[in-house]
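Open the model in your viewer and keep the selection panel at hand. The stops below go from the contact between chains to single side chains, and then out to whole chains.

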Amino acid sequence: MEQYQALIDHLDKSLQGEGSPEMEQMLVNDPEIAREWNYLLLAVDAIQEAGLEEQVATIKNDWKAQQAAAVKPTGGIVRRISRNMAKIAAILVLVAGGAAFYKYATISSGSLYDKYYSSYELNTSRGAAEEGAIEKAYHAKDWKAVLAGVNTAKRDNKMDFLAGMADLELKKYNDAIEHFEQVIAVNAQSGSDYFQDEAQYYLAISWLAKDKVNEALPILEKIRANKDHLFHDKVAKMSFFDLRLVQYKESK
Amino acid sequence: MKVAGKYSDVELLAAIREEQDLNKAILYLYQQYAVPTSSFIIQYGGSEQDADDVFQETVISFIDVVKKGRYRMEASIKTFLVSVARNIWFNELKKRERSGYREKLFEHGRDQQEADISFQISDLEKRRQLRELVHQLGEPCKKILMLYYYENLSMKEIVDHLPYENEQVVRNKKYKCLQSLTGLIKGNPVIARQISEITK
């Protein structure tokens with residue numbers, strides 16, 4: 001009983017990062033205590049699983065209630081409008097509808113990619129000899145040489161970014177996305193922002209190229225909201241109406 | 001409809017891993033991925049309720065994998081979720097012995113981009129059984145253990161939440177509840193066998 005209580009105390013303290021070294025030693029030396037310990041860890045796992053299940057179920061129910069409310073007819077007041085007003089409205093609707101239909105029929109993530117893609121201008125020439133060679137290949141638009149160079153170079157954010165750009169130019173969108181996400185993931189882990197803005201922008205552009213506006217839009221919105229972002233001005237000029245229209249169209 | 005904050009895959013993973021407003025992240029998962037995943041389950045012979053259950057299980061598995069640092073960004077979150085849902089449904093069909101749909105589902109999987117979810121599937125059934133054991137504990141025990149081990153509340157905070165006189169009473173109760181739960185786990189043959197193998 002006392003030993004069990006001591007194990008529970010050790011468990012609670014371990015969860016707060018304060019377990020006792022003596023007890024750790026006992027766990028190594030005594031298989032019976034180790035066995036009880038494993039059961040306790042499993043019990044905590046079980047509780048956390050059940051807690052997560054309840055949390056997810058609660059959110060699911062909220063989401064379902066929101067969905068039900070969104071489709072419920074709200075009723076309303078039927079307004080009387082004059083016959084002439086109705087005619088004018090009908091004509092306006094037809095004209096606007098025609099224009100909207102044309103836009104709707106022709107717009108896509110791919111068309112937005114064509115509209116907004118522009119090559120990245122590399123204007124640095126610092127670094128080691130191999131970096132110089134990669135930069136040279138980049139300036140010469142020799143994308144395969146860029147990729148070959150990156151493969152043998154020491155991996156860092158700049159290398160990943162340039163590889164991503166080379167992939168993008170070669171229309172290897174999945175590979176490009178992988179490189180840009182790698183830059184973002186490395187920065188997220190290290191807390192740095194080396195090539196972060198560039199990777200974010202071209203990641204969004206790559207998603208557009210892949211007809212995945214749902215992935216691109218949140219990134220572009222984030223850039224638009226950040227005035228210090230390197231690509232803020234460029235993104236601010238984009239038509240978010242068009243982006244949302246594509247989002248709607250592609251969700252159908 | 002209330003819209004959850006928008007996330008890129010990287011941001012969503014960070015929000016889950018660091019538990020920054022987990023509710024919002026879960027809502028986002030539902031808003032973005034519940035409908036396509038559910039349509040898929042219904043297409044392969046599931047009812048709406050099946051689709052609902054499978055997606056809930058998928059979300060739980062996904063969060064579990066991310067929190068434990070086992071999610072590798074080899075595929076997009078959507079691909080991962082669909083792969084998990086597909087496997088959960090595949091196993092469910094197996095249980096229900098509906099081989100026709102199972103074969104179709106298998107064929108479908110061959111054409112799709114697949115995430116590596118082997119580690120996730122291997123302990124899916126065990127995790128389900130563990131949750132079931134917690135539900136068998138009864139409400140007071142479940143509540144106290146969840147407040148302490150899931151909500152991370154202190155004994156003092158639990159006293160404020162539950163009708164117990166003081167921290168010592170809560171501590172004693174928690175001890176007994178944990179003992180009951182480990183008792184239930186020991187009594188579960190599948191789980192007990194796994195523990196024996198670990199501690200051999």
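Select chain A and chain B together: about 4,800 Å² is buried between chain A and chain B, and carbon and sulfur atoms give 64% of that area. Buried area here is the accessible area (1.4 Å probe) that two parts lose on being put together, summed over both. This is a predicted model, in which local features need pLDDT of at least 70 and side-chain atom pairs count only at pLDDT 80 or more, while totals for chains, interfaces and linings use all residues. Residues are numbered from 1 along each chain as its sequence is written, chains are lettered from A and ligands numbered from 1 in the order in which they are written, and side-chain values use heavy atoms, with hydrogens and water left out.

**The contact between the chains**

Now select the residues in contact (heavy atoms within 4.5 Å). Chain A contributes 45 residues and chain B contributes 51 residues. There are 16 residue pairs in polar contact across the interface, both residues being at pLDDT 80 or more. A polar contact is a pair of N or O atoms within 3.5 Å; within protein, one must be able to donate a hydrogen and the other to accept it, and residues adjacent in sequence count only if both atoms are side-chain atoms.

On the side of chain A that touches chain B, the elements giving two or more residues are α1 (2-15), α3 (31-71), α9 (173-190), α11 (213-225) and α13 (240-251) of chain A. Color α3(A) separately: this helix gives the most to that side, with 27 residues. Helices (H or I, at least four residues) and strands (E, at least two) are DSSP runs, numbered from the N terminus. By class, the side of chain A that touches chain B holds 22 nonpolar, 10 polar and 13 charged residues. In this grouping Ala, Val, Leu, Ile, Met, Phe, Trp, Tyr, Cys and Pro are nonpolar, Asp, Glu, Lys and Arg are charged, and the others, Gly among them, are polar.

**Salt bridges**

How many salt bridges does the rule find across the interface of chain A and chain B? It finds nine, where a salt bridge is a side-chain nitrogen of Lys or Arg within 4 Å of a carboxyl oxygen of Asp or Glu. A search of the whole structure gives 20 salt bridges over all chains.

Select Arg131(B) and Glu53(A) and show their side chains, which meet in a salt bridge at 3.4 Å, N to O. Are these two residues buried or exposed? Arg131(B) is buried, with a relative accessible area of 3%, and Glu53(A) is buried as well, at 18% relative accessibility. Buried means under 20% relative accessible area, exposed over 50%, and partly exposed in between (1.4 Å probe, protein chains only).

Next, select Arg128(B) and Glu57(B), a salt bridge within chain B whose closest N and O atoms are 3.7 Å apart. This pair links distant parts of the chain, with Arg128(B) in helix α7 of chain B and Glu57(B) in helix α3 (residues 48-67) of chain B, 71 residues apart. Arg128(B) is partly exposed at 22% relative accessibility, whereas Glu57(B) is buried at 9%.

Center on Glu49(A), which lies in helix α3 of chain A and is buried at 4% relative accessibility. The side chain of Glu49(A) makes a polar contact with the side chain of Arg127(B) at 3.0 Å. Leaving aside neighbours within four places in sequence, Glu49(A) is in contact with Ile60(B), Asp64(B), Arg127(B) and Arg131(B).

Asp21(B) is partly exposed at 43% relative accessibility, and Lys24(B) is partly exposed at 39%.

**Each chain alone**

Show chain A as a cartoon: it has 13 helices and zero strands. Of its 252 residues, 43% count as buried.

Switch to chain B, with 11 helices and zero strands. Buried residues make up 50% of the 200 residues in chain B. Among contacts in chain B between residues at least 6 apart in sequence, 62% join residues at least 24 apart.
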